[in-house]
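Here are my notes on the model you sent over. Have it open while you read, and follow the points in order.

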Amino acid sequence: EVRWIRAYNYYVLANTFGNVPFLTKISSEAAPRATREEMYHWLVSEFRAVEEDLLEARPKGSSDPDYGRLDKAAAWLMLSRMYLNAEVWKGDFNDANGGNLLDSVKVLSDKIITEGQYKLFTGESDVNVEGVDCHYTAYDMLFMADNGESGAATEAILPLLQDGAVTRGWGGSLFFTAAHWSTDMKTVCDLSAGTTGVDWTGMRVRRQLLEKFTDNPEAWEGKTAKEIRAIAGDDRALFWGKDHFVAIGDNTKFEQGLATVKWNNRRSDGKPTNSTYEVDGDFFLLRAAEAYLNFVEADIRLNGTCSEKAKGYMDDIRARAHATAHQAYSLEDVLDERSREFYCEGYRRTDLIRFGQYGGNQATYVWDGKNGTTPGTAFGAYRNIYPIPTSELMTNDNLWQNDGY
């Protein structure tokens, strides 16, 4: 499990900076430099190696003593993710035996769902809270305070545990809840978030995310989260528009840009939380929805069209959100669906790079603020990785700056 965690941290490092200092044992010498391609091969070998010693893959809830521990599905999902991004990391989808790594993406993704039994959570909850009749959908319950107890954890391949009474921290669920909220915002049930002690009034979303749900985001200005979701026809449209404006502009006020109520510290069963200041909800770092969408993307990249099985997985994702299924799906549909499903969970930059829509002349997708302009302009492909921090360059002669910086 510790080896998996080490590998995951190296994955984050190489995914961000490309070429990184790399050590696998304590040393008094400066860490040697490893290229992103070298890191790719090490990460694949490491996730393969740890698989056999991890727990058997199975969904767990908070009453299970193994809840929060890694199992084989975490290795399968990271391998699926590595293979899906192989062209970015090493230049192609070829495996060592002459096959196509996209086939392996499909096998591993399907294995998580069938053998590991990690499924999309589809439960819902009707409860009266403070005299208010609340209906929580499955997507709501993934990001609520009792997501370890409500059944939502059937989707959680790796939950990072957080509890307002005994497991606290400024990162994880607390950040994702507090940073998006102000004291005047309400949930889709018109209730406060339950974390009024730490409403930071910071994060908002750009117009381009709203446009994944509507052609007219300005119509959502002045609307509550409950009203916006009813208009959108998609449970994932968890946005707050009352007293907010779509345009972020000079970004000097919280009201510039719509906020999201995706995370909140309410329980889906209506019971009180352990704290009104800290949060109880676990952060699902890896969840089964990624396996579904990885399968669909790999299938379309391989075949040019969406097979019946892949379409079924995409239909499942949309059905869980009570969104209408399409007759067929393209690669662009997959990218948009990943935006709707995973927004504010840390996927978007990696997805846009893989689709050729982040940096470079071929990147036709822009967003407000891209390259420091509104409505956004393209920037160079060198920005697909970040610059090596000066502090690292000054202390390690084995490193040198990434091209373009």
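1. Let's start with glutamate 290, which sits in helix H10. Bear in mind throughout that this is a predicted model.

2. What does glutamate 290 touch, once you leave out residues up to four places away in sequence? The list is Leu77, Arg81, Arg338, Phe342 and Tyr347.

3. Next, have a look at how H10 (residues 288-303) packs on helix H11 (residues 308-320): the angle is about 140°, and the axes are 9 Å apart. That angle is why H10 is described as oblique to H11. The crossing of H10 past H11 is left-handed.

4. Who makes that contact? From H10 it's Ala289, Tyr292, Leu293, Phe295, Val296 and Asp299. H11 brings Lys309, Ala310, Tyr313, Met314, Asp316, Ile317 and Arg320. Sorted by class, the H10 contact with H11 comes to 9 nonpolar and 4 charged residues, with no polar ones.

5. Now for the strands. S5 (residues 156-160) is mostly covered, with 4 of its 5 residues buried. S5 and strand S8 (residues 283-287) run antiparallel and are joined by 4 bridges.

Methods
Residues are numbered from 1 along each chain as its sequence is written. This is a predicted model: local features need pLDDT of at least 70, side-chain atom pairs count only at pLDDT 80 or more; totals for chains, interfaces and linings use all residues. Side-chain values use heavy atoms; hydrogens and water are left out. Buried means under 20% relative accessible area, exposed over 50%, partly exposed in between (1.4 Å probe, protein chains only). Helices (H or I, at least four residues) and strands (E, at least two) are DSSP runs, numbered from the N terminus. Two strands pair if DSSP finds at least two bridges between them. Axes are lines fitted to C-alpha atoms, for helices over the stretch in contact, and angles run from 0 to 180 degrees between N-to-C directions. Angles under 35 degrees count as roughly parallel, over 145 as roughly antiparallel, 65 to 115 as roughly perpendicular and the rest as oblique. A crossing is left-handed if the near helix is turned anticlockwise from the far one by less than a right angle, and right-handed if clockwise. Contact means heavy atoms within 4.5 Å. Ala, Val, Leu, Ile, Met, Phe, Trp, Tyr, Cys and Pro count as nonpolar, Asp, Glu, Lys and Arg as charged, and the others, Gly among them, as polar.
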